[in-house]
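Visitor: Could you walk me through this one? Let's take the strand pairing, then move on to other things.

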Amino acid sequence: MYFDVASTAPLHPVARQALTAALDEGWADPARLYRSGRQARMLLDAARETVAAVLGARPDEISFTASGTQAVQLGLLGALAGNRRRGGHLVHSAVEHSSVLHVAERREAEGGEVSVAPVDRTGRVDPQAFGALLRTDTALAALQSANHEVGTVQPVAEVAGLCAEAGVPLLVDAAQSVGRVDVPAGWSLLTASAHKWGGPPGVGILAVRKGVRYASPLPADEREGGRVPGYVNVPAIVAAAASLRAVRAEAERENARLHALVERIRSRVPQAVPEVEVVGDPVRRLPHLVTFSCLYVDGEVLLTELDRAGFAVSSGSSCTSSTLTPSHVLAAMGVLTEGNVRVSLPYGTAEADVERFLTVLPDVVAGVRAPLGLDLPAPVSAPESLLVIDALGKRCPLPVIELAKRIGEVPVGGTVAVLADDEAARLDIPAWCGMRGQEYAGEAPAADYGGDRGAAYLVLRRS
């Protein structure tokens with residue numbers, strides 16, 4: 001079972017079909033005026049329009065790169081160069097992709113200043129803390145849409161608002177979220193990578209809003225708006241755009257299904273395996289990704305044993321044989337950096353496959369730990385940290401009554417998602433929280449919690 005789409009997704013069937021067709025129709029140079037060149041240009045323009053529509057951008061704001069990493073690095077370097085008169089200061093979060101960190105390291109080596117916004121134990125930045133780092137000489141800020149190791153969704157819109165007030169452009173690395181969830185609002189530059197959503201590898205997206213100062217860090221080239229030099233791979237770009245449109249069309253249905261499967265993993269792994277911690281935000285997260293840390297286990301050994309059992313997963317963890325460097329994401333969160341397993345489910349994952357993983361995992365972990373001679377206690381069953389109350393079709397005060405009756409089923413710190421389609425719930429549930437000393441955490445699409453209409457009202461148990 002392939003459970004590692006956060007690294008790369010299998011080629012979507014639509015991408016395969018589009019790629020095959022474009023190899024026949026779009027092989028020529030799109031910059032040429034003869035017939036085959038014009039045909040390639042028409043395909044390229046159509047692909048650009050498709051991507052722009054998904055991102056909420058103009059077609060002329062979209063450039064295609066050779067990878068998501070190249071898109072991030074060109075975006076950062078170009079925006080820093082374009083805003084050099086403002087200053088040389090860069091702000092980014094502590095959990096950004098390594099492509100951001102490498103540019104920051106280069107920036108510091110060249111005499112620029114870099115400020116790093118910390119994250120909490122779930123991997124989320126505090127918008128106010130991020131905003132406090134912005135200065136009059138800040139040339140650029142960078143914040144990912146969602147974390148690639150633990151799935152935590154970042155408060156991009158709030159940070160974007162603070163950046164706009166300060167006059168600082170914001171680059172959003174949306175590699176993990178584009179194609180799956182809505183693009184966050186407020187970005188100045190945005191990057192993505194086609195192989196994360198089922199497009200072919202070797203296609204990245206760099207979007208630069210009109211009016212954002214940008215100066216290419218590379219020698220001039222007439223292609224891709226002067227931002228990305230070199231010949232474009234039209235067939236791969238066409239396939240990337242076609243698959244992006246396809247996955248967005250099926251995202252709402254699949255997200256609800258995968259969210260439920262991931263919630264099953266989040267709740268059952270700690271019950272089945274002793275000394276395990278599930279990391280990342282339990283509510284504000286990607287629907288398909290979960291990471292957990294197993295104490296007293298080497299992550300690479302565990303991944304190898306799971307591979308032998310038929311499961312391809314990855315580790316956001318600990319020391320890899322090539323770098324011997326702990327994950328900077330997990331270190332910034334203050335969680336265990338060893339023995340980590342990241343499960344990211346592809347579209348179409350069957351419930352039976354997840355059940356088999358949950359059946360196999362305890363024995364695999366026990367086998368890895370066996371040579372250590374540890375006498376570990378059996379996991380103690382605890383209330384699940386998320387409870388979904390289906391109050392769809394019920395008029396208030398029934399959703400509030402169900403909430404009051406059942407909030408005790410989650411532990412303190414746990415979350416209750418009340419599904420309701422009565423508009424009064426939007427007022428009554430926050431009011432009830434204020435009266436009862438609970439925390440109202442806002443609303444989310446009901447589809448994220450298995451509903452087919454209405455909204456999910458999120459309540460954190462505080463007492």
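Guide: E277 stands opposite S293 in strand 9, strands being DSSP runs of E with at least two residues and helices runs of H or I with at least four, numbered from the N terminus. This is a predicted model, in which local features need pLDDT of at least 70 and side-chain atom pairs 80 or more, while totals for chains, interfaces and linings use all residues. Residues are numbered from 1 along each chain, and side-chain values use heavy atoms, without hydrogens and water.

Visitor: How many bridges join strand 8 to strand 9?

Guide: Four, and the two strands run antiparallel; pairing requires that DSSP finds at least two bridges.

Visitor: What order do the strands take in the sheet?

Guide: The open sheet has the order 8-9-10 with antiparallel pairing. Strand 8 (276-279) and strand 10 are at the edges with a single partner strand each, so one side of each has no neighbour in the sheet.

Visitor: Is strand 10 buried or exposed?

Guide: Five of the five residues of strand 10 (340-344) are buried, so the rest of the structure largely encloses it; buried means under 20% relative accessible area with a 1.4 Å probe, protein chains only. N340, R342 and S344 point one way, V341 and V343 the other.

Visitor: And which residue of strand 10 is the bridge partner of T291?

Guide: That is R342, and strand 9 (289-294) pairs with strand 10 over five bridges in the antiparallel sense.

How values were computed: Buried < 20%, exposed > 50% of the residue type's maximum accessible area, 1.4 Å probe, protein only.
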